[in-house]
Amino acid sequence: PRLRSRDTMKARIGVAESSKVIEIEVDDLAAFKSQVEAAFAAEEAVTWFTDAKKRTVGVPVGRIAYVEIESEADAHRVGFGPAG
């Protein structure tokens with residue numbers, strides 16, 4: 001099922017032996033997870049991701065250190081409020 005645009009997820013893909021982190025927006029979490037799992041199972045050299053804004057990013061599968069997923073609703077907010 002597709003998520004509503006306000007339910008977009010952020011996925012961060014860490015690159016091994018590098019401080020590089022690739023961040024994309026994902027609008028279909030199940031499809032994204034399946035794509036990552038399929039890339040590892042097939043031992044592909046590169047897997048391509050297309051985000052919610054239709055941008056395409058190629059990631060060398062052997063260099064993926066981790067995949068982190070965070071929904072916009074769960075994003076850390078910074079601000080001030082009444083002390084309690």
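The model is predicted, so local features need pLDDT of at least 70 and side-chain atom pairs count only at pLDDT 80 or more, whereas totals for chains, interfaces and linings use all residues. Residues are numbered from 1 along each chain as its sequence is written, and side-chain values use heavy atoms, with hydrogens and water left out.

**Overall architecture**

- Helices (H or I, at least four residues) and strands (E, at least two) are DSSP runs, numbered from the N terminus.
- The protein chain has 84 residues, of which 29% count as buried; buried means under 20% relative accessible area, exposed over 50%, and partly exposed in between (1.4 Å probe, protein chains only).
- Among the contacts in the protein chain with a separation of 6 or more, 49% are between residues 24 or more positions apart; contact means heavy atoms within 4.5 Å.
- The accessible surface of the protein chain is about 6,000 Å², and carbon and sulfur atoms contribute 53% of that surface. Accessible areas come from the Shrake-Rupley method with a 1.4 Å probe, and for residues only the protein chains shown count as cover.

**Strands 1 and 2**

- Strand 1 (residues 9-15) is largely enclosed by the rest of the structure, because six of its seven residues are buried.
- Strand 1 runs antiparallel to strand 2 (residues 21-26), and six bridges join the two; strands pair if DSSP finds at least two bridges between them.
- Within this pairing, A11 has I24 of strand 2 as its bridge partner.
- The two strands form a hairpin with five residues between them, and E17 in the turn has a positive phi of about 55 degrees.

**Loop and helix 1**

- D28 occupies the loop between strand 2 and helix 1 and counts as buried, at 17% relative accessibility.
- A polar atom of the D28 side chain lies 3.2 Å from the backbone nitrogen of A31.
- Helix 1 (residues 29-42) has 14 residues and spans 20 Å from its first C-alpha to its last, close to the 20 Å expected at 1.5 Å a residue. The expected span is 1.5 Å times one less than the number of residues in the helix.
- F32, V36 and A39 are the buried residues of helix 1. They cover an arc of only 60 degrees around the axis, which puts them on the same side of helix 1; the arc is that of the directions from the helix axis to the C-beta atoms.
- The exposed residues E37 and A41 are carried on the face of helix 1 turned away from its buried side.
- Just after helix 1, E43 adopts a positive phi of about 55 degrees.

**Strand 4: T56**

- T56 belongs to strand 4 (residues 56-60) and touches W48, F49 and T50, not counting residues up to four places away in sequence.
- The side chains of T56 and T50 are joined by a polar contact of 3.5 Å. Such a contact is a pair of N or O atoms within 3.5 Å; within protein, one must be able to donate a hydrogen and the other to accept it, and residues adjacent in sequence count only if both atoms are side-chain atoms.
- T56 and I24 are 32 residues apart along the chain, with 9.2 Å between their C-alpha atoms.

**Strand 5: Y66**

- Y66 lies in strand 5 (residues 64-71) and is partly exposed, with a relative accessible area of 37%.
- Not counting residues up to four places away in sequence, Y66 touches R12, I13, G14 and V21.
- Y66 and I13 are 53 residues apart in sequence, and their C-alpha atoms are 5.8 Å apart in space.
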